Amino acid sequence: MKTIIRIVLLFLVTVFLFSDVFTGLQYHSVEIGLMQTAERAKILEVFPRENGEDIRIQILTGQYKDRTFIIENNYYQTDYYVKSFEVDNRIIVQIDRSNDIESPTITVLNYARDTYSFYLAVFFLLLLAVVGKKQGIKSAVSLIITVYIIVKVMLPMILAGYNPILSSIVCCMLICVLSLLIIAGISLKSAATILGTITGVIAAGGLAYLVSELSRFSGLNDEDSLLLLYVNGGAFNITGILFAGIIIGTLGAVMDVSMSISSSMYEIRLNNPDISKMNLIKSGLNIGKDVMGTMANTLILAYVGTAIPLMMFSINKQTPLVILLNSESISTEILRALSGSIGIILSIPATSFIFAILIHRKRDIGTAMAEINLRSSPELGDNRISKLKYKEKLVIIDRLDDWYQVKRENGEAGWVREDGVTARSKL
C-alpha cells in the first residue's frame, strides 16, 4: 500500500512540474505558422510507385480529424531522412490551409515517436518505485527535479542572455543540493558529498574554460551548435554554451564518486569511532583510487561514443592524425572527457578531507530521556534493535532529518528519534 501511495505522489509531482509538457505531447492541433498546424495521422494504405509512394492517411487531431487524404511521400535510396511507411504507422504531418481550406497541402514531418518515449519514461519511473521502494521514489523525484531545473531554469537563463557558464554552475549547485538532500537527507554525509561534488564540477568547468581560451575554441563543433547562429541573431555565447554542457555532463559522475567516498568513510567511522582524522582521510583516498578508474572510463567512453561516426569517417578517408586531433569536433570531445575525468579525480581528495573535517568536530554526547527504542534505520517500523535505558549516555554520530544516529557504551549503534535524546550541541 505504501508503494502505491508513493507511486501516486511521484506521478502528481511529475504532472505538477511538467504539466505543459504533457499538454504539449500534441494530442490536439498545434499551430506552427500562419494557417499551418501540426497534426497526428494514421497511415491507412500505401501505394508504391517509382522513387516514392502515395499514402492514404487519416487525420487524428484538429480541424480535419477523421478525414482521409492521399498524399505523396517522395524518397530515394540515398535519403536517410525520408523512409517508406507502412500501414498503421503513426506520423506527424503539417497541414497548410493558406491556399485551400477544403483541400489543404499536407506534408509528412516525421514518425510519431513521442508516445513510445513517454511509455519508456513511465516504465523507468515505475521500475524505480517498485524495485527501489522508498529510496527508488526519492531517486525518481530527484531525477525529475534535475530535469526540471535544466529545462525550466538553466536553459531559459541562457536564452535570456545570462552567462552560460555561471548559469550552469549555479544550476549544478542547486541540483546537487536538492538531489542529495532528497536521497540522503540532512546529514554530514550529504554535506561532504555536496561540497566535494561542487569542488570537482567547478574544477572541471574552470579547467575546460582555461584550455578552451588557450586553444581558441569557437564552440561550433557540430550541426546543433550551428543552429544557434540563427536564434536571436546569433547573439549567444557559443563557447560558453559548450562549457555549460561540459559542466552538466560532469555533474552526475562527480556526484556518484563523492557519494561513494562519503558513504564508505561514514561506515568506517561508524565501525571505528576512534579512528584518527589522518587515517580516515587515507581510507577515503584509497577508496577513491578504486572508484576513480571505473568512473573515468565511464565518462570517457560516453564521450567517445558520441564521436564514433566522425572517427569512422576520418579513418575511412585516412585523415592524418595531426589533422584529426586538431579538428574542433574531436578536440571538443577530448576536452569534455579529460576535464570531466580531472573533475572526478579532484573530487576524491576534496570529499575525503571535507568529510574527515566535518566528522571530527567536537564529539556530541546525548542522554536518553526515556526507555526508547534503538532502531536499525531512521524510520518507524519493525526495525527495533534494542531498548535504551533511561538517562543512558550515548555518543551521537550523525543526524538525519529528525533522527540521531547514536552509539552505546557496549558498541551497539542505531537510530533514535531526536525528541527522545538530549544533546549538548545539535549536529
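**Reading helix packing**

Guide: In this predicted model, helix α5 (residues 188-215) and helix α11 (residues 328-359) pack at an angle of about 150°, with their axes 7 Å apart.

Visitor: Which values describe two packed helices?

Guide: Two packed helices are described by the angle between their axes and by the distance between the axes. For α5 and α11, these are about 150° and 7 Å.

Visitor: Is the crossing of α5 and α11 left-handed or right-handed?

Guide: α5 passes α11 in a right-handed crossing. The contact of α5 with α11 is made up of 17 nonpolar residues, 8 polar and 1 charged.

Visitor: At what angle do α4 and α7 cross?

Guide: Helix α4 (residues 164-184) and helix α7 (residues 238-271) cross at roughly 25°, and their axes come within 9 Å. An angle under 35 degrees counts as roughly parallel, and α4 and α7 are therefore roughly parallel to each other. The crossing of α4 and α7 is right-handed.

Visitor: Which residues of α4 and α7 meet?

Guide: On the α4 side they include P164, I165, I169, C172 and L180. Among those in α7 are G240, F243, I247, L251 and M259. By class, the contact of α4 with α7 holds 16 nonpolar and 3 polar residues, with no charged ones.

Visitor: How many helices and strands are in the protein chain?

Guide: The protein chain has 11 helices and 13 strands. Of its 427 residues, 40% count as buried. The accessible surface of the protein chain is about 23,600 Å², and carbon and sulfur atoms hold 62% of that.

Notes. Residues are numbered from 1 along each chain as its sequence is written. This is a predicted model: local features need pLDDT of at least 70, side-chain atom pairs count only at pLDDT 80 or more; totals for chains, interfaces and linings use all residues. Side-chain values use heavy atoms; hydrogens and water are left out. Axes are lines fitted to C-alpha atoms, for helices over the stretch in contact, and angles run from 0 to 180 degrees between N-to-C directions. Helices (H or I, at least four residues) and strands (E, at least two) are DSSP runs, numbered from the N terminus. Angles under 35 degrees count as roughly parallel, over 145 as roughly antiparallel, 65 to 115 as roughly perpendicular and the rest as oblique. A crossing is left-handed if the near helix is turned anticlockwise from the far one by less than a right angle, and right-handed if clockwise. Contact means heavy atoms within 4.5 Å. Ala, Val, Leu, Ile, Met, Phe, Trp, Tyr, Cys and Pro count as nonpolar, Asp, Glu, Lys and Arg as charged, and the others, Gly among them, as polar. Buried means under 20% relative accessible area, exposed over 50%, partly exposed in between (1.4 Å probe, protein chains only). Accessible areas come from the Shrake-Rupley method with a 1.4 Å probe; for residues, only the protein chains shown count as cover.
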